[in-house]
Amino acid sequence: MKYLIQLALIFGLCLVGDVISLVLPFTLPSSVISMLLILVLLSSGLLKEHQIQESADFMLKNMTFFFIPPVVGILRYSSLVQSIWWQLLVVNLVSLFACFAASSWTVVLVQFVQKRIRERKHA
């Protein structure tokens, strides 16, 4: 019963994210809104980690099942994918390096800001 309650809580927050996404005057994926909502609830203490931990861990451990429908969709259009495979490869490589650069520079920036904050506290 504990798992059903946890899943109901997670899916309920996803449903709230869907509703918020429909109401917003701009486009923002409901999954992103749901994750931000869970982050805010966890950060504020209104939602405790133990209230969703087992179900979230189960979903993370079995994440490959969530990728089955997209893979089947790609297989359905395999002839199209075969005709543009090199373009897909280029896009993936460019986005890989762009994501790597953005992540590494974000870490450098955060470390710089943290160092500045520590220096101001000690001064």
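**Entry 1: Arg116**

I looked up the exposure of Arg116 and found it partly exposed, with a relative accessible area of 40%. For this term, buried means under 20% relative accessible area, exposed means over 50%, and partly exposed is in between, with a 1.4 Å probe and protein chains only. I note that this is a predicted model, in which local features need pLDDT of at least 70 and side-chain atom pairs count only at pLDDT 80 or more, while totals for chains, interfaces and linings use all residues. Residues are numbered from 1 along each chain as its sequence is written, and side-chain values use heavy atoms, with hydrogens and water left out.

I placed Arg116 in helix H6, which covers residues 85-122. Helices (H or I, at least four residues) and strands (E, at least two) are DSSP runs, numbered from the N terminus. I then took the C-alpha atoms of Arg116 and Leu13: they are 37 Å apart in space, and the two residues are 103 apart in sequence.

**Entry 2: the charged patch**

Which residues gather with Arg116 in a patch of positive charge on the surface? I found Lys115, Arg118 and Arg120 there. Patches are made of residues with over 30% relative accessible area and no salt bridge; like charges are joined within 9 Å, and nonpolar side chains (Val, Leu, Ile, Met, Phe, Trp, Tyr) within 5 Å. Lys and Arg count as positive and Asp and Glu as negative, while His and the chain ends are not counted. The place of a charge is taken as NZ of Lys, CZ of Arg, CG of Asp or CD of Glu.

**Entry 3: the nonpolar patch**

I listed a nonpolar surface patch of about 850 Å², made by Trp85, Trp86, Leu89, Val90, Leu93, Val94, Leu96 and Phe97. Accessible areas come from the Shrake-Rupley method with a 1.4 Å probe; for residues, only the protein chains shown count as cover. Trp85 has its place in helix H6. I read its relative accessible area as 53%, so Trp85 is exposed.

**Entry 4: the salt bridge**

How many salt bridges does the structure hold? I counted 1, where the term means a side-chain nitrogen of Lys or Arg within 4 Å of a carboxyl oxygen of Asp or Glu. Glu54 forms a salt bridge with Lys2, and their closest N and O atoms are 3.7 Å apart. Glu54 is in helix H3 (residues 53-61) and Lys2 in helix H1 (residues 2-23), so the pair ties together parts that are 52 residues apart in sequence. I found Glu54 partly exposed at 28% relative accessibility, and Lys2 partly exposed at 47%.

**Entry 5: Leu24**

I found Leu24 in the loop between H1 and helix H2 (30-44). Leu24 is partly exposed, its relative accessible area being 27%. Between the C-alpha atoms of Leu24 and Gln111 I noted 34 Å, with 87 residues separating the two along the chain.

**Entry 6: the whole chain**

I counted 6 helices and 0 strands in the chain. Its radius of gyration is 20 Å, well over the 14 Å that the globule rule gives for 123 residues, so the chain is more spread out than a compact globule. This radius is taken over C-alpha atoms, and the globule rule is 2.2 Å times the number of residues to the power 0.38. The C-alpha atoms fill a box of roughly 65 × 45 × 35 Å along the principal axes. I noted that 11% of the 123 residues count as buried.
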